[in-house]
Amino acid sequence: MTALTLPQLSISMEDATVSRWLVADGDSVSAGQSIVEVETDKATIEIEAPVDGLLRIVAAEGAIVAVEGVLAELEPLAAGSTAADAGANGVALPAEHAPTPAASPVTAVPGVGAGVQPGRTGQIASPAARRLAREQGVDLTALHGTGPGGRIVARDIVGAPAAPAGALAGSDRVREAVVRNITASWQQIPHVHIGGELVADGLVQARAASASSEAGVTLTDLLIVALARALAEVPELNGLRRADGSVQRSDAVHLSLAVATPGGVLAPVLRDAGSRTLLDVAQERRRLVEAARLGTVDGRDLAGGTCTLSNLGAHPVDFFAPVVSGPQVAMVATGRVAERVVAENGLIGVRPRLWVNVAIDHRAADGEAGGRLLAALERQLATLPGGLA
Amino acid sequence: MTIAPVPVDEAVPGPRPGAIDDAELLALYREMMRVRAFEDEVVDAFSKGLIPGSTHPCIGAEGIKAGALATLRPDDLVFATYRGHGEVLIKGVDPVGMMAELMGRATGICKGKGGSMHLSEPSVGLISTNAIVAGHIPMAGGAALSCQFRKTGQVVLCFFGDGASCEGEFFEAMNMAMLWKVPLVFICENNGVAISVPTSKSQATPDIADRARGFGMPAAIVDGNDVLAVRDAVADGVARARAAGGPTFVECKTVRWERHSAFSAGGSDPLEQRRAWQRVDPIPRFRKSLCAWNIATDEQLDALDEEIRADMRAVREEAERAPLPAPESVYEDVYAP
Amino acid sequence: MSEAINQALREALDRPEPMMLIGQDIGPYGGAFGVTRGLAETYGEEKVRAAPLCESGTVGYAIGLAITGVRAVCEIEFFDFVGVAMDQIFNQAAKLHYFTGGKLTVPLVIRTPIVAKMGMGPQHSQSLESWFMHVPGIKIAVPSNAADAYGLLRTALLDNNPVLFIENVRLYGRRADVDTAGETIPFGRARIAREGTDATVVALSGMVDEALTAADRLAERGISVEVIDPRTLAPLDMETILASLRKTMRLAVAHDAHRTLGFGAEIAARCMEEAFDYLDAPVERVACKDVPIPCTPSGIEAVYPSADDVVAAVERLVA
């Protein structure tokens, strides 16, 4: 048990008022995380947790504490886990277990293995951005820097200081961040687009089979499952490009889902898409889309994507060429499922087809990889009915 | 040099001066001997690594210190140089505290912060010694101006060497002292050398007193190793100052101890240098006079010497036992409260 | 501002404790810039004493007065002339209390003005405050307006330590409301001259007004700048500066002194040491170019910092 005491912040200081707790009693906190604001006679100052631990507040907001008085106590976390693995509700999860639907997993690192610190992957980021990323549980490797020279700066960490914890500052700030990212991606990424009209029979059948259930499974959910499995076969398109040009491949597929919102497109991340059941995917997709549309999506839900799916099939869109969202290296754009007149073995038939376009960062991969992904996706779409768990 | 210290073996005691009694004469001898004994302990302690940094003994110049300080009231003020242990001791500073200060101990008069070159005891009127040549001279002028301003009747003595007399601040201080007629006596110890440079190579004129005369200041040049001559000249200056007659300059010719400091190299011929100051040593010279005037016998003076040396040995031993300051004390006294 | 200083001096001279003002031309002439006007008439030329032209000796005399019971205020006519008196300031005044183990105290104020941007040339234009920040034992006050000059000088005249009180000729004529019945301003307490959220500018002396002008211009473009005036450099209120940095995450320092090893260098180092995780951009320094200061107006324009430079620095911070 470690006590957090009020430090002597200036020679004349004798006490301070606890102005605001930045985390809740019982939360797990990490060393260096700002956890409380105190007001001295000169200024308001944030105090950081000295160690990882579970917070037990001793001095409530409004209390006046003398120098070296106890503000809080930090209990050690359960053995074998770190604060980075613990969920927001204080439940500690061992890093190697996949999240179950009942828990709200918030790992700071998207599937590249436990123990990798955010910010240690060669990203150039300001010290303030690193701190904010640490506090928000955001992975810097998933971010595109908009500062000078591509530096990741504080505003690139959504949920930066002015925002209340857990919510976006306002759609304007988000929109600004999105626009910056799109602009930077457009300017810096050489795109190659590989498109194909894929056989969609399996997709249509699977959709019919799941329509009867109350789970509310949509075409998008099926696409998510199929794409996640396909990406497992083409891992070079499932990862993040580092500043030095190498690609950090991800074992798991964390799929960013492009969602149109009143304030502009957002891309919340559906984690571990490849390990989830269809029902689970549907539930999580619903949660993310709703949060995005309401503007309540958390900073953590917006970071860590390893590839993006953008589905405009609800509109009469067949094909479109999207902008890859740096530092990801690929984005998959799908149009509508439509009945097409096709030639098969010399005969005319009518079959459901789906145009899929794979946009690729040509620095990281070639068009051939896009071709392989389309092939893999077509295979997965065909086996969907048998693939439901 | 226009005047030079008379060698001991050539010195002929004049008639016994009338205006000074036996006790005072003996006191002069005693004070010179106290300084000598103290400084001998200091040199020895330094050679044994007990005194950090460096130290600048005033061995051979005791006549100037004792003669000048004998003219003062207890509340008069003294400014001295880093070669000023004599002034500090004679003004009445506790010798154990002094020795402890030189040894950098916590019980030193400056808490071990100043060492040999930065001694201060304002309670007995010893304002400060100083490590910057001539740095203290304007301050002494200011202190004298302060006494005049506050109308206390105090007088200030400012001791410095021939080296200081080439610094700009020396001239600035003299100009202002004479301009405002402050109660200050400038006492210049001209020992003929500044570290390694003899005054013949550093001074445009051999007598530093000329500079004071340039400002219209009354000035005297005396044989610095004749303790009574120093006393008389300084007494004149003190009386003038006390009567609001302004400053006086007393140049005391002497010969420096064998080295600039205990730390310094001695130059080419240490033995020759040692003989130089010993030849004109003010203490045996005054002894000659005391014996000639039947104030004391050689045996009595030998006994007195022994007693004083024993005292100073005890002082040194006590200082050696004093504790070192705590490391955190370096942060104290940067500012006054 | 000069009247405020004059007033604070009068109040101290009225006290029963012995006190003397000493410096070139401060007597009946009233000082090179008129700051001591009327004082010799009121208090006499012994107490408001014009000294000969010898900065070193004069500061030395002032120290001698201070250590023997007479509070002293010494004027050095132009900050540039401080070089002549350096030994007395940094070796003597700053250290006497320390090396005498507290036996001597030095209640001394050394007043001197920065004469920047007045076209007087390289030897009459410098801001040398960082030299003295480097010396432990001397306090430094740098008022940027009349009210601060009054409050800080009152504090200096009650302090038992040597205080370097750095004025500014271009600010002498600036008027402001001064509450002469108000509190003294303690040393080590910065003033937030303007609140803001996007960037912090720490500005000194003449650059405070320039920073405020820059902040106005930036506000029109939606950039909110917080301007902090440290007021004293020793002791320095780093707490207020760091609290602001933690809020805005972007900081610039603006001063008339040369860039290399000016006050900004120390602030940048301390921000890095004490609030590294709050820096969203490197600390910017808006300063005089590292060349001797020319006389000609075009040269002065080219060399000294202005509100434009502060604007540019903030733009770089938020880029």
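View 1. In chain C, residues 24 or more positions apart account for 78% of the contacts with a separation of 6 or more, two residues being in contact if their C-beta atoms, placed from the backbone, lie within 7 Å. Chain C has 319 residues, of which 61% count as buried; a residue is buried if 20 or more other C-beta atoms lie within 10 Å of its own, exposed if 12 or fewer, and partly exposed in between, with C-beta atoms placed from the backbone. The chain holds twelve helices and twelve strands, where helices (H or I, at least four residues) and strands (E, at least two) are DSSP runs, numbered from the N terminus. This is a predicted model, in which local features need pLDDT of at least 70 and side-chain atom pairs count only at pLDDT 80 or more, while totals for chains, interfaces and linings use all residues. Residues are numbered from 1 along each chain as its sequence is written, and chains are lettered from A and ligands numbered from 1 in the order in which they are written.

**View 2. Helix 4 of chain C and its cover.** Helix 4 of chain C spans residues 86–93, and its buried residues are C:Gln88, C:Ile89, C:Gln92 and C:Ala93. They lie on the same side of helix 4 of chain C because they cover an arc of only 120 degrees around the axis, the arc being that of the directions from the helix axis to the C-beta atoms. The cover over these buried residues includes helix 5 of chain B, together with helix 3 (55–67), helix 5 (96–99) and strand 4 (108–114) of chain C.

**View 3. The contact between chains B and C.** Here 34 residues of chain B are in contact with 36 residues of chain C. On the side of chain B that touches chain C, strand 2 (126–130), helix 5 (137–150) and helix 6 (168–180) of chain B each supply at least two residues, and helix 5 of chain B gives the most, with ten residues. The residues of this side divide into 17 nonpolar, ten polar and seven charged, where Ala, Val, Leu, Ile, Met, Phe, Trp, Tyr, Cys and Pro count as nonpolar, Asp, Glu, Lys and Arg as charged, and the others, Gly among them, as polar.

**View 4. The surroundings of A:Ala154.** A:Ala154 is found in the loop between helix 1 and helix 2 (171–188) of chain A, and A:Ala154 is buried, with 23 other C-beta atoms within 10 Å. A:Ala154 and A:Ala129 are 25 residues apart in sequence, yet 4.3 Å apart in space, C-alpha to C-alpha.
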